[in-house]
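Visitor: Please show me the structure. I have some questions about it.

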Amino acid sequence: MPPTDNVMEKLVSLAKRRGFVFQSSEIYGGLGSVWDYGPLGVELKKNIKERWWRSMVHEREDIEGLDAAILMHPKVWEASGHVAGFTDPLVDCKHCKNRFRADDPRIKGTPGEPTAQCPVCGSKGTLTAPRMFNLMFKTFMGPVEEAAAIVYLRPETAQGIYVNYQNVLQSARQKIPFGIAQIGKAFRNEITPGNFIFRTREFEQMEMQFFVKPGTDLEWFEFWREERMKWLAGLGIRPEKLRWHQHAKDELAHYAKDAYDIQYEFPFGWQEFEGIHNRTNFDLSRHQEFSGKKLEYLDPATNERFVPYVVETSAGADRTALVAMIDAYNEEDVEGDKRVVMRFHPALAPLKAAVFPLVNKDGMPELARRIFDDLRKSYNAFYDDGGSIGRRYRRQDEAGTPFGITIDGQSTQDGTVTVRDRDSLKQERVAADRLAGYVADKLKG
Ligand code: ATP
């Protein structure tokens, strides 16, 4: 059963205890809304990214991969509209010095007016009128801290794709329609970050930009909406926790003609974790204008020239990891005992199998080690010989490991081991030399 109370607290505590996510620089008191992935978390996030990459790049002939640098020419961000427009309205409380987004639902009244009340200290009339705050992190390139040397940490990975679109088109000998996929870090100086890894200042995006002929964009937009929902279904995310949210006119980003978010019902409400956007030819046209380089496409079939439209699918790797963790978190009563189990889809599970010698004698550890060494040639597996077998199972339930393999007295006699299924708790005896194939079949199904 998914728990109904204090879910985030429980999850944050499990994440720390079991090594999914730690607070950044914790021994110095932490750095606000920056998080580090521990041994299990890094595997989970890597599995999400690999699965995304496989479905986008390896399984499709019409999408190519790219890894552009985080630092880009500062003109990129003028052209993209981020220098002028990537802003949030910011409000300060003159009394307690806290900062809010002007649209923070906790603010009662209109900021700047005498009746508005600060949601933290409760003072009236102390909130400033909203002013625009640019969310891009700035830094300096080279040794001289002068305006000419300002560069930005990219706030989205998309621009690295746009400025390389012709390089990829030509080098990979693609034709429109085709796409470019990229996974990488992005940075936003969010005014009100929070909710664990939901909104952070440094995060990772998995973005795919699909370049199409103008006029075919609506069709491709629908195509990619469907594909992305299918992909999430394939990760086993509970469908009743997913929904679409179409952006209203006043929510649309400066570049977008239409946009849908995929929302998940987090313990703190329905929130976006992926967006599908029709970005039109806004970005390429602007780069054409600002760089003075032609970014048109010459259609070899019709000899027509056009600046392609772009349909973007933009997912956060960290938010998807949070969705996977929340969706997997279950508490159950088993034989009068409470167990916490992370029911990850096997493809996402950080560890695929754990190997346990029942006792540390009678040839069991030797056989268990051989099985472990064999399994980890193909999978990330774990060896645990500490504590009662029940406790070892519980530890792997919390890590979300689909299979527990126990080597007991019978194993050394007839070469069979027991395989315990994380979800059904059923135990099966399997010949040790068939184990790799058995686990592979189960992981596929
Ligand atoms: P929000 O409205 O939540 O700030 P956004 O609409 O600005 O998000 P996009 O610019 O569409 O988000 O970014 C695409 C995806 O990148 C989001 O769906 C989310 O998964 C991820 N993302 C964006 N900002 C953050 C952040 N501060 N922390 C973690 N992930 C983020």
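Visitor: How many helices and strands does the secondary structure of the chain come to?

Guide: This is a predicted model, in which local features need pLDDT of at least 70, side-chain atom pairs count only at pLDDT 80 or more, and totals for chains, interfaces and linings use all residues. Residues are numbered from 1 along each chain as its sequence is written, and side-chain values use heavy atoms, with hydrogens and water left out. Helices (H or I, at least four residues) and strands (E, at least two) are DSSP runs, numbered from the N terminus. On that basis the chain has 13 helices and 23 strands.

Visitor: What percentage of the residues of the chain count as buried?

Guide: The terms rest on relative accessible area with a 1.4 Å probe, protein chains only: buried is under 20%, exposed is over 50%, and partly exposed is in between. The chain has 445 residues, and its C-alpha atoms fill a box of roughly 75 × 65 × 50 Å along the principal axes. The part that counts as buried is 49%.

Visitor: Into which domains is the chain divided, and what distance separates their centres?

Guide: The bounds come from an automatic or database domain assignment. Domain 1 takes 4-73 + 145-326, and domain 2 takes 351-443. Taken over C-alpha atoms, the centres of domain 1 and domain 2 are separated by 38 Å.

Visitor: Which residues of domain 1 lose the most area to domain 2?

Guide: Buried area is the accessible area (1.4 Å probe) that two parts lose on being put together, summed over both. Between domain 1 and domain 2 this is about 520 Å², with 43% given by carbon and sulfur atoms. On the side of domain 1, three residues together make up 63% of what is buried there: Arg18, Leu40 and Glu43.

Visitor: How many salt bridges does the rule find across the interface of domain 1 and domain 2?

Guide: Side chains of opposite charge can pair when their charged atoms come close. The rule asks for a side-chain nitrogen of Lys or Arg within 4 Å of a carboxyl oxygen of Asp or Glu. Across the interface of domain 1 and domain 2 the number is 2.

Visitor: Which helices each supply at least two residues of the side of domain 1 that touches domain 2?

Guide: That side has 3 nonpolar, 1 polar and 3 charged residues. Here Ala, Val, Leu, Ile, Met, Phe, Trp, Tyr, Cys and Pro count as nonpolar, Asp, Glu, Lys and Arg as charged, and the others, Gly among them, as polar. The helices are H1 (7-18) and H2 (39-58).

Visitor: Why does the pair of Arg279 and Glu156 tie together parts that are apart in sequence, and how many residues apart are they?

Guide: The side chains of Arg279 and Glu156 meet in a salt bridge, 3.1 Å from N to O. Arg279 lies in strand S13 (residues 269-280), whereas Glu156 lies in the loop between S8 and helix H5 (158-162), so the parts tied together are apart in sequence by 123 residues.

Visitor: What is the omega of the cis peptide bond from Ile176 to Pro177?

Guide: Most residues other than glycine have a negative phi, and most peptide bonds are trans. Pro177 is in the loop between helix H6 (165-171) and strand S9 (178-187). The bond from Ile176 to Pro177 is cis, with omega near 5°.

Visitor: What is the positive phi of Asn303?

Guide: Asn303 is in the loop between strand S14 (297-298) and strand S15 (305-306). Its relative accessibility is 59%, so Asn303 counts as exposed. Asn303 is not a glycine, and its phi is about 65°.
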